[in-house]
Amino acid sequence: RLEPESQEDKEADYRRFLAGQLRQENRGFMIVALIAAVNVLLSIVSLVKGSGSVLTLILQIVFSAALLFGQTWARILFIAGLILSAAFGVRILFSILWIAECPAGTIVLCGAEIVFSVAGAVVLICSKSVKEFMYRQKNG
């Protein structure tokens with residue numbers, strides 16, 4: 001026969017639940033912060049290489065900050081941008097592979113950006129931790 005749960009057991013279960021939620025939220029923050037930081041870093045690299053602009057960098061910083069503040073529109077824009085970035089990256093990668101004397105660093109950088117874009121989009125879409133963090137940021 002099962003005995004009814006005591007009040008202390010219920011409170012302990014609730015504390016464990018809250019601790020798990022906090023861990024998940026912190027994991028979501030780390031993921032979102034990493035995606036936002038890499039996005040800004042790639043914009044800085046593009047600016048330094050001469051293929052980016054100051055306006056693009058400013059916009060990436062604003063979108064990254066909005067993502068960190070839990071804005072749904074920023075998450076949607078990030079997902080769309082990451083998917084487009086991956087698609088363009090694959091096209092560019094195939095184009096540069098046809099060039100006989102393409103530097104290996106360019107190929108590696110392009111490949112890394114594709115991997116980051118695909119992984120970032122999948123995580124922003126599927127991660128329960130990210131969803132929990134975004135919900136908490138938006139709703140307190």
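**Exercise 1.** Which side chain meets Arg 16 in a salt bridge, and what is the N to O distance?

*Solution.* The model is predicted.
Step 1. Apply the cut-off: a side-chain nitrogen of Lys or Arg has to lie within 4 Å of a carboxyl oxygen of Asp or Glu.
Step 2. The partner of Arg 16 is Asp 13, at 2.1 Å from N to O.
Step 3. Arg 16 and Asp 13 are three residues apart in helix α1, so about one helical turn separates them.
Step 4. Assign the exposure classes. Arg 16 has 52% relative accessibility and therefore counts as exposed, whereas Asp 13, at 32%, counts as partly exposed.

**Exercise 2.** Find the salt bridges in which Arg 136 takes part, and state which residues they join into one network.

*Solution.* 
Step 1. Locate its two ends. Glu 25 belongs to helix α1 and Arg 136 to helix α5 (residues 128-139), so this pair ties together parts that are 111 residues apart in sequence.
Step 2. Arg 136 also meets Glu 132 in a salt bridge, at 3.9 Å from N to O. Both residues lie in helix α5, four residues apart, which is about one turn of the helix.
Step 3. Through shared partners, these salt bridges join Glu 25, Glu 132 and Arg 136 into one network.
Step 4. Classify the members by relative accessibility, with buried meaning under 20%. Glu 25 is buried at 13%, and Glu 132 is buried at 16%. Arg 136, at 34%, counts as partly exposed.
Step 5. Check the total: by the rule of Exercise 1 there are three salt bridges.

**Exercise 3.** How many aromatic pairs does a search of the whole structure find? Classify the Tyr 14 and Phe 17 pair and the Phe 63 and Trp 73 pair by geometry.

*Solution.* 
Step 1. The search finds three aromatic pairs.
Step 2. Take Tyr 14 and Phe 17. Their ring centres are 6.5 Å apart and their planes lie at 25°, so the pair is stacked. The angle is judged against the stacked criterion of under 30 degrees.
Step 3. Tyr 14 and Phe 17 are three residues apart in helix α1, and so are separated by about one helical turn. Phe 17 counts as partly exposed because its relative accessibility is 47%.
Step 4. Take Phe 63 and Trp 73. The distance is 6.0 Å centre to centre with 80° between the planes, and the pair is edge-to-face. Here the criterion is an angle over 60 degrees.
Step 5. Phe 63 lies in helix α2 (residues 54-68) and Trp 73 in helix α3 (residues 72-97), 10 residues apart; the pair links distant parts of the chain.
Step 6. Phe 63 has a relative accessible area of 25% and is therefore partly exposed. Trp 73, at 41% relative accessibility, also counts as partly exposed.

**Exercise 4.** Which residues form the negative surface patch, and where in the chain is Glu 5 placed?

*Solution.* 
Step 1. The patch consists of Glu 5, Glu 8, Asp 9 and Glu 11.
Step 2. Glu 5 is in the segment before α1 (7-49).

How values were computed
Residues are numbered from 1 along each chain as its sequence is written. This is a predicted model: local features need pLDDT of at least 70, side-chain atom pairs count only at pLDDT 80 or more; totals for chains, interfaces and linings use all residues. Side-chain values use heavy atoms; hydrogens and water are left out. Patches are made of residues with over 30% relative accessible area and no salt bridge: like charges are joined within 9 Å, nonpolar side chains (Val, Leu, Ile, Met, Phe, Trp, Tyr) within 5 Å. Accessible areas come from the Shrake-Rupley method with a 1.4 Å probe; for residues, only the protein chains shown count as cover. Lys and Arg count as positive and Asp and Glu as negative; His and the chain ends are not counted. The place of a charge is taken as NZ of Lys, CZ of Arg, CG of Asp or CD of Glu. Helices (H or I, at least four residues) and strands (E, at least two) are DSSP runs, numbered from the N terminus. Buried means under 20% relative accessible area, exposed over 50%, partly exposed in between (1.4 Å probe, protein chains only).
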